[in-house]
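Good morning. Please have a look at it before I go on.

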Amino acid sequence: MLRIAVPNKGSLSGPAAAMLHEAGYRQRKESKELVLVDADNGVEFFYLRPRDIAIYVSSGRLDIGITGRDLLLDSGANAEEILRLGFARSTFRYAGRPGVALTVGDLGGMTVATSYEGVVEKHLAEHGVDASVVHLDGAVETAIQLGVAQVIADVVETGTSLRNAGLETFGEPIMESEAVVVRRTGADPQDPKVQQFLRRLQGVLVARAYVMMDYDIRVEQVERAVALTPGLESPTVSPLHHEGWVAVRAMVPTRDAQRIMDELYDLGARAILTTGIHAARL
């Protein structure tokens, strides 16, 4: 049975459970449940603190897990990322009072407060910067005001909380993070149980990113239409009983679907239908 670690709380928990549900796996109904066995799919889920997941996976006690890239790298665990999941995206950056520094190279001799000391220490070392790192849990913006540090390193989304604290980001981002699937470094990459799990999640990612589009088009416009809807590999083109017309079916990116429909309409396409979003032009 495949043993999988899943975030039990925080910004990773809900989206992870939703993706697993879309992939056909049972999920817990109560937040107090720590273990759930999905016998039909040969999977056992363990609901753990997101920060601990990479460590459990690296120990070999669990086969794979879902956590954040930032948490994986910060843990220093003997685990590796094997699939990006596209949610819980964030940017990790340095911030301080205006003018305190322009680049990471300016941090020599300073103290940096962060909840991710593993990530920060590695980043400073990679740039040859000798600075102190102090660990703080939770919000770190007040560390500067209280004199604990001159600079902070934290997840930045809108930047509102930083501006409210009189701080601004500087330098290049330390890292870009998102939810990822991790496994123990050196584990069998061809494990069939893991591969099946990854295929299911990849299917969810494709279903979320693409919609199926069907339309009829004049034969003389097929090449131009297909250029707009190349599909994942190649669209399906079938002749219609009505002479001079063909039916085309192709996968198109969800974010571009409405624009593509406009352009197909301009080419004279008709009966434009999409599966996956509420749209139709008959």
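Is E178 buried or exposed? E178 is buried, since its relative accessible area is 4%. Buried means under 20% relative accessible area, exposed means over 50%, and partly exposed is in between, with a 1.4 Å probe and protein chains only.

Before the rest, some ground rules. This is a predicted model, with residues numbered from 1 along each chain as its sequence is written. Local features need pLDDT of at least 70, side-chain atom pairs count only at pLDDT 80 or more, totals for chains, interfaces and linings use all residues, and side-chain values use heavy atoms, with hydrogens and water left out.

pLDDT is the predictor's confidence in each residue, from 0 to 100. Its mean over the chain is 91, and 97% of the residues reach 70 or more. Residues 277-282 have a pLDDT below 50; this stretch has 20 contacts in the model beyond near neighbours in sequence. Contact means heavy atoms within 4.5 Å.

Back to E178. It forms a salt bridge with R84, with the closest N and O atoms 2.8 Å apart. A salt bridge is a side-chain nitrogen of Lys or Arg within 4 Å of a carboxyl oxygen of Asp or Glu. E178 sits in the loop between β10 (168-177) and β11 (179-184), while R84 is in strand β5 (residues 79-84), so the bridge ties together parts 94 residues apart in sequence. Helices (H or I, at least four residues) and strands (E, at least two) are DSSP runs, numbered from the N terminus.

The structure holds 12 salt bridges. Another one of them joins R208 and E22, at 2.6 Å between the closest N and O atoms. R208 is in helix α7 and E22 in helix α1 (residues 13-22), 186 residues apart. R208 counts as partly exposed because its relative accessibility is 37%; E22 is partly exposed too, at 45%.

Now the inside. A nonpolar core is a set of buried Ala, Val, Leu, Ile, Met, Phe, Trp, Tyr and Cys residues joined through side-chain atoms within 4.5 Å. The largest one has 44 residues, and F45, L85, Y94, L107, F197 and L201 touch the most other members. Helix α7 (residues 192-209) gives the largest share of this core, 5 residues. Leaving aside neighbours within four places in sequence, L201 is in contact with M19, L20, A23, L83, L85 and V181. Apart from this core lies another, of 17 residues, including V246 and I272.
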